[in-house]
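Welcome, and thanks for taking a look at this one with me. Please have the sequence and the 3D view open side by side.

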Amino acid sequence: MKNESKKYANWRREMVEKQIMSRGITDRLVIDAMLKVPRHLFVSEALIDSAYGDFPLPIGEGQTISQPFIIAEMTQNLGLKGHERVLEIGTGSGYQGAILSQIVYKVYTIERNNTLFLQTRKLFDTLKYHNIVTRYSDGTQGWKQESPFDAIIVTAGGQQIPEPLIQQLAIGGKLIMPVGGNFSQELILIEKTKTGIQTNNLGACRFVKLIGQHGWGE
Ligand code: SAH
């Protein structure tokens, strides 16, 4: 058991050096979170030894957990410091939420697939991620009662950023989301200022569909 966890800690260190730091991720909070979170516990048993590979992996229900570098890049671009309340749309395996939970004060995460929602809520409990709150609903409508959020991360792609999410973002807050068509999107980072919205395009990416009232149809 002890050797097992050492093995995975070594794989994690290798992942962070070869896939994350060597490609320009410099934020210490992101690096430390990725060294800590046991990614192999967020995939099914059959994939456990592939968990630290440089690629996305299936998590069941036709969904995927992103490649480690994408997780790091999205997280770094939110510019988090530690005091934030962050909203995540698309809980999935829970890995991205777990990374955020190591960095910020509180994570609110929404999943629309009931199987993944129940499975991941249980995993968060088992792993004692007590600063993550989960919700089963359509994340394109946000989480109005808990808004405004200091940052919002959408881990599924849509044709545009859902309007409720922009409304529920605090002034000075950042939102990151894959925006585009069915098969490929661009990673869009927006910052909400007093005078409007600043938009940055971080380049091409590929995510599963964001499905809901302000996303793709069923
Ligand atoms: N962040 C996840 C990535 C999961 S893939 C991880 O780290 O594993 C994207 C997830 O978004 C899927 O689980 C999918 O069911 C979910 N999703 C798609 N549309 C959604 C919506 N409108 N609201 C909430 N979750 C949604």
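The numbered points below go through the sheet and then the ligand site.

1. A word on the basis. This is a predicted model, in which local features need pLDDT of at least 70 and side-chain atom pairs count only at pLDDT 80 or more, while totals for chains, interfaces and linings use all residues. Residues are numbered from 1 along each chain as its sequence is written, and side-chain values use heavy atoms, with hydrogens and water left out.

2. Seven strands make up an open sheet with mixed pairing, in the order 5-4-3-6-7-8-9. Strands are DSSP runs of E with at least two residues, helices are runs of H or I with at least four, and both are numbered from the N terminus; two strands pair if DSSP finds at least two bridges between them. At the edges are strand 5 (132-136) and strand 9 (197-205), each of which pairs on one side only. On average, neighbouring strands of this sheet are turned by 15° against each other, direction ignored (axes are lines fitted to C-alpha atoms, and angles run from 0 to 180 degrees between N-to-C directions).

3. Now follow one end of that order. Strand 7 (residues 169-180) and strand 8 (residues 185-192) are antiparallel partners over 7 bridges; Leu-175, for example, has Ile-190 in strand 8 as its bridge partner.

4. Which residues come nearest to the ligand? They are Ser-93, Glu-111, Asp-138, Gly-139 and Ile-211, out of 26 around it (near means a heavy atom within 4 Å). Strand 2 (63-65), strand 3 (85-89), helix 4 (95-103) and strand 4 (106-111) each supply at least two residues of this shell, and strand 2 gives the most, with 3 residues.

5. Finally, look at the polar contacts (pairs of N or O atoms within 3.5 Å). An N or O atom in the side chain of Glu-111 is 2.5 Å from an oxygen atom of the ligand. Backbone N or O atoms take part too: one of Gly-90 lies 3.0 Å from a ligand nitrogen atom, and one of Gln-96 lies 3.1 Å from a ligand oxygen atom. The protein buries 98% of the 590 Å² that the ligand exposes when taken alone (accessible areas by the Shrake-Rupley method with a 1.4 Å probe).

Terms used. Polar contact = N/O pair within 3.5 Å; in protein donor to acceptor, adjacent residues only side chain to side chain.
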